[in-house]
Amino acid sequence: NNEEAPTMPLLFREHELYGREKEASLISDAFCRVSGGKSEALFIGGFSGVGKSRLVNSLTARVDMADGYVLTHKFDQMSKERPMLEVISLFNDLCILIRQKRSKQDLLTMANDIMEVFNTDFTMLSRLLPNIDAIISPTEDSNQIIDLVEEGSGGVAAVGGGQMNLQSI
């Protein structure tokens with residue numbers, strides 16, 4: 001008898017996160033602590049394909065609604081000779097996020113604070129973080145910088161059940 005049994009499609013939601021409730025809760029708790037005034041950084045590590053990017057992306061909308069920032073970066077383990085470049089890249093990205101999300105008045109206040117703190121050392125800071133100019137002098141030209149960064153971002157990891165390490169500092 002060559003009759004094929006009817007097949008039933010496997011239904012799953014494309015943008016749904018499965019099996020990462022504990023990790024999502026840890027990240028949400030860290031965000032609540034930071035929102036309350038504490039300083040904290042959260043690092044997520046694990047093997048390729050275990051869902052690190054998917055986990056972060058699933059929480060980004062909630063952080064955005066709370067007027068927070070999410071910075072993501074894939075660190076290259078092979079590039080150990082210049083690890084600070086990866087961190088500097090994140091702070092450069094933060095400058096663009098601040099420019100996108102803040103009002104001109106907020107940017108003016110931040111610019112004054114930054115100039116007051118760094119004073120004559122601002123030139124050195126701007127060499128290290130070229131995108132700081134998006135905060136210091138928010139002009140129409142800085143919108144071009146933002147568009148370029150948006151076009152270059154991306155990368156999605158597959159959902160999986162592998163080991164994932166969360167480290168909060």
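How many salt bridges does the count come to? It comes to 4, where a salt bridge is a side-chain nitrogen of Lys or Arg within 4 Å of a carboxyl oxygen of Asp or Glu.

Quick housekeeping before I go on. This is a predicted model, so local features need pLDDT of at least 70 and side-chain atom pairs count only at pLDDT 80 or more, while totals for chains, interfaces and linings use all residues. Residues are numbered from 1 along each chain as its sequence is written, and side-chain values use heavy atoms, with hydrogens and water left out.

Okay, back to the salt bridges. One of them joins Glu23 and Arg20, at 3.2 Å from N to O. Both Glu23 and Arg20 are buried; buried here means under 20% relative accessible area, exposed means over 50%, and partly exposed is in between, with a 1.4 Å probe and protein chains only.

Another pairs Arg33 with Glu40, and their closest N and O atoms are 2.7 Å apart. Arg33 is partly exposed because its relative accessibility is 36%, and Glu40 is partly exposed too, at 24%.

Then there's Asp67 with Arg102, 2.8 Å from N to O. Asp67 sits in the loop between helix H2 (52-65) and H3, and Arg102 in the loop between H3 and H4, so this pair ties together parts that are 35 residues apart in sequence. Asp67 itself has a relative accessible area of 38%, so we call it partly exposed.

Since I've started naming helices: they're DSSP runs of H or I, at least four residues, numbered from the N terminus, and strands are E runs of at least two.

So, H3. That's residues 84-101, and at 1.5 Å a residue its 18 residues should span 26 Å; the end C-alpha atoms are 26 Å apart, so that agrees. The expected span, by the way, is 1.5 Å times one less than the number of residues. Buried residues of H3 include Glu86, Asn92 and Arg99, along with Ile88, Leu90 and Leu94. Cys95 is on that list as well, with a relative accessible area of 5%.

Next, H4, residues 104-118. Its 15 residues should span 21 Å at 1.5 Å a residue, and its end C-alpha atoms are 21 Å apart, so that one agrees too. Which residues of H4 are buried? Leu107, Ala111 and Ile114 are. They cover an arc of only 70° around the axis, which puts them on the same side of H4; the arc is that of the directions from the helix axis to the C-beta atoms. Remember that an α-helix has 3.6 residues a turn, so residues three or four places apart point the same way.

What do the buried residues of H4 pack against? H3, helix H5 (122-128) and H6, with contact meaning heavy atoms within 4.5 Å. The face turned away from the buried side carries exposed Gln105, Glu116 and Val117. Just after H4, Asn119 takes a positive phi of about 40°.

Now look at Ile136, in helix H6 (residues 133-136). Leaving out residues up to four places away in sequence, Ile136 touches Ala111, Ile114, Met115 and Phe122. Ile136 is partly exposed because its relative accessible area is 21%. From Ile136 to Arg99 is 37 residues in sequence and 9.4 Å in space, C-alpha to C-alpha.

Last thing, cysteines. With a disulfide taken as a pair of cysteine sulfur atoms within 2.5 Å, the count comes to 0. Cys32 is exposed, with a relative accessible area of 54%, whereas Cys95 is buried.
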